[in-house]
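Reader: Please take me through this model one feature at a time. Give me the general idea of each feature, then the case at hand.

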Amino acid sequence: MKKLIVLAVVAMTVLSCGTPKTVTESRKIIKGYWALDNISYSESGEFNVSLLGDTSKECFEGSTWRFIPNNNTGVYTINNPDCPTGDRNFIFTIQEIDPATGLYDFLLKPTNAKGKSADDAGFRLQLAQLNESSMRWEQTVNLEGSPFTINMNFTKINE
């Protein structure tokens with residue numbers, strides 16, 4: 001009888017540690033190709049912001065993104081000819097942080113084409129909105145001691 005109880009407890013523990021259903025659904029929705037249409041800030045004014053340790057807002061706007069959730073990889077392409085163009089590889093993770101509000105952490109780590117990171121640095125963003133046709137990321141940083149939010153707005157191109 002004791003062995004049966006132990007097995008039941010182990011089985012319940014294993015079943016409860018799986019990926020939450022909302023994260024699984026989000027991974028299905030994010031799969032495919034997206035366009036980063038625009039980037040806005042919570043404050044007005046001119047800001048010199050380098051996004052994802054890469055390049056400026058102007059260079060990121062109009063970039064195309066591909067998410068491959070079965071291996072948590074992706075690639076984005078800077079298309080603006082006035083910028084350092086080309087593909088950038090990354091790995092990503094979606095983590096549910098609040099089931100009641102549906103908010104998620106979105107972790108993105110730049111890598112080389114083989115999936116290796118030069119410095120193991122990554123970026124934590126909030127996946128603030130995601131549906132079949134649009135997605136919004138938010139990243140809050142400090143600007144002169146106050147919170148400053150960067151909003152990245154995407155539309156889905158195709159799966």
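Author: We begin with strand pairing. Strands are DSSP runs of E with at least two residues, helices are runs of H or I with at least four, and both are numbered from the N terminus. Two strands pair if DSSP finds at least two bridges between them. Here strand β8 (residues 123–130) and strand β9 (residues 134–143) are antiparallel partners, with four bridges. Within this pairing, L127 is opposite W137 of β9. The two strands form a hairpin, with three residues between them.

Author: A word on the source. The model is predicted, so to speak of local features requires pLDDT of at least 70, and side-chain atom pairs count only at pLDDT 80 or more, while totals for chains, interfaces and linings use all residues. Residues are numbered from 1 along each chain as its sequence is written, and side-chain values use heavy atoms, with hydrogens and water left out.

Reader: How many bridges join β9 to strand β10?

Author: There are 10, and β9 runs antiparallel to β10 (residues 146–158). R136 stands opposite N153 of β10. This hairpin has two residues between its strands, and E144 takes a positive phi near 55 degrees.

Reader: What is the order of the elements in the protein, from the N terminus on?

Author: The order is α-α-β-β-β-α-β-β-β-β-β-β-β. That comes to three helices and 10 strands.

Reader: Which cysteines does a disulfide join?

Author: A disulfide is a pair of cysteine sulfur atoms within 2.5 Å. The structure holds one, joining C59 to C83 with an S to S distance of 1.9 Å. It links distant parts of the chain: C59 is in helix α3 (residues 57–60), and C83, 24 residues apart from it, is in the loop between β5 (73–78) and β6 (86–98). The torsion about the S-S bond of C59 and C83 is about -85 degrees, so the disulfide is left-handed.

Reader: Is C59 buried or exposed?

Author: Buried means under 20% relative accessible area, exposed over 50%, and partly exposed in between, with a 1.4 Å probe and protein chains only. C59 is buried at 6%, and C83 is buried at 13%. Across the protein, buried residues make up 30% of the 159 residues.

Reader: Which residues touch the most other members in the largest nonpolar core?

Author: A nonpolar core is a set of buried Ala, Val, Leu, Ile, Met, Phe, Trp, Tyr and Cys residues joined through side-chain atoms within 4.5 Å. The largest one has 29 residues, and F60, W65, F67, F106 and W137 touch the most other members. Contact means heavy atoms within 4.5 Å. Leaving aside neighbours within four places in sequence, the contacts of W137 include W65, F67, F106, L125 and I150.

Reader: How many aromatic pairs does the structure hold?

Author: Rings of Phe, Tyr and Trp (its six-membered ring) pair if their centres lie within 6.5 Å; planes under 30 degrees apart count as stacked, over 60 as edge-to-face and the rest as tilted. The structure holds 19 such pairs. The rings of F67 and F106 have centres 6.1 Å apart and planes at 75 degrees, so this pair is edge-to-face. F67 is in strand β4 (residues 64–68) and F106 in strand β7 (residues 103–111), 39 residues apart. F67 is buried at 1% relative accessible area, and F106 is buried at 0%. For W137 and F154, the centres are 4.6 Å apart and the planes at 50 degrees, so that pair is tilted. Both W137 and F154 are buried.
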